[in-house]
Amino acid sequence: MRILHTADWHIGHRLYERNRIDEHRQFLEWLLETIKEHAIDVLLVSGDVFDTALPSSEATDLYYRFLFQLYHETNAQAVITAGNHDSPRRLAAPREFLKMGRIHVIGGIESGLDACIITLNSHEANENNGVSAISIAAIPYLSESEILSHVSFETEIEKARRYREAMKQLYHHCVAQMPADVPKLLMGHLVVQGGEESGSERVIQIGGALPVRAGDFPKDVNYVALGHLHRSQAIKGAGYPIRYSGSPLPMTFKEAEYDKKVCLLELGQSNDDRFTELTIPVFRALCRVRGNYDQVMVGAMSGDWEGKYIEVQLTLEAPRLGVGDEIRDAFKDRGGDVLIVEVQLAEQQREADLSAEDISAKSPAEIFEEFYRTKYSAEGTDESQLATLIDTFTELTHIASTQTDGDPS
Ligand SMILES: [Mn+2]
């Protein structure tokens, strides 16, 4: 049985006001071809289908056209969950109708956890190494308030612990409800400790809730298909693959520095599973150009910028009027579209380099203290309050670094 895992499509996303619908259209065309080519039985989409809770008609149209093609042109079934960017109710509104097309959509958990457990049968059991059914816990994004009842006397630390504990219980409950003798897959749209953010995720759990750890997921599971972090990555420590597929499009210029992927899982008999990654083509290149004025202009005039989006990080000795337009025009002459010109004065650049050096020599508590003093300097620092805060901060970092029942590497 062949499973394809993807997440964080963010259809409708705009990059500096540029519409990316063509990139999404090309991705979904590629995805459909990939599903056919690899004879995929089940497509998993682990949240953030759309970029906003109220997607445009253009974005909605693209999504439903894809679902129709998936139904019409392939034998694949699909399981789609809501992420923090989606409206759970809106995404799940056509669920009964989509079910007729082998597409299962889970928005929220208001109908109970058992409604999130989906058992799928394969069309061609014999061709699929004898694996004829799988069970999937399709858990959508759950906010802290959804999963924790409000108890006002709890400290923040207790609350954070309870979130982690609640998520752990939730997955254990699901696995306990699943048929014993079929492969088990878990879905989730959350942060698992050890995962690397890339800055575009809008992670709101962190800071409040303690992240779930690899070791919190139940045993006797074949694969965990995660969404939320946009960088494709594996989380170690469970004895089976826990993967973030990552987003198919780079959401920022920084994210364009690594490959975008979908995950292919082939379930075999007696846990003989095979896992591979498929690299998604780049539909529109995102390029970063750094340097002083001369370097950037030479780069603009000598490069091939046709169809590319460009971020320029320009270092100037002194402020200079109209420099942004000059740079935009230079790239435009060679087919490039400059989305942003970030100007930094050489003096600031040197200061930034210095403080970056500084930071690596300091302890987290020292950095926290500095941050606090800078942020609240105008109000005058309450030293005893600051001392208490530093103690709490140290305690928290201590908890984070000593609880190693998972493998944080
Ligand atoms: Mn996302």
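The buried residues of helix H1 are covered by, among others, strand S1 (2-6), strand S4 (42-46) and helix H2 (57-73) in this predicted model. The residues of H1 that are buried are Glu23, His24, Phe27, Leu28, Leu31 and Ile35. Viewed along the axis of H1, these buried residues fall within an arc of 130°, so they line one face of the helix. Asp22, Glu33 and Glu37, on the other side of H1, are exposed. After H1 comes Ala39, with a positive phi near 45°.

The chain contains 11 helices and 17 strands, and of its 409 residues, 36% are buried. When contacts between residues at least 6 apart in sequence are taken, 71% of them join residues at least 24 apart.

Three strands form an open sheet in the order S15-S16-S17, with parallel pairing. Strand S15 (286-292) and strand S17 (337-345) are at the edges, and each has a single partner strand, so one side of each is left without a neighbour in the sheet. On average, and with direction ignored, neighbouring strands of this sheet are turned by 15° against each other. The parallel pairing of S15 with strand S16 (residues 309-316) extends over 7 bridges; Arg288, for example, has Glu311 in S16 as its bridge partner.

Two helices accompany these strands. Helix H7 (residues 293-302) lies across S15 and S16 and runs at about 140° to S15. Helix H8 (residues 323-332) packs on the sheet as well, where H8 touches S16 and S17, and its direction makes about 140° with that of S17.

Which residues of H7 are buried? They are Val296, Gly299 and Ala300. Seen down the axis of H7, the buried residues fall within an arc of 100°, so they line one face of the helix. That set of residues packs against S15, S16 and H8, while Asp294, Val298, Met301 and Ser302, on the other side of H7, are exposed. Like H7, then, H1 has its buried residues along one face.

Methods: Residues numbered from 1 in each chain as written. Predicted model: local features only at pLDDT ≥ 70, side-chain atom pairs only at ≥ 80, totals over all residues. Pairing = 2+ DSSP bridges. Helix = DSSP H or I, 4+ residues; strand = E, 2+ residues; numbered from the N terminus. Axes fitted to C-alpha atoms, helices over the stretch in contact; angles between N-to-C directions. Contact = placed C-beta atoms within 7 Å. Buried ≥ 20, exposed ≤ 12 C-beta atoms within 10 Å, placed from the backbone. Arc of directions from axis to C-beta.
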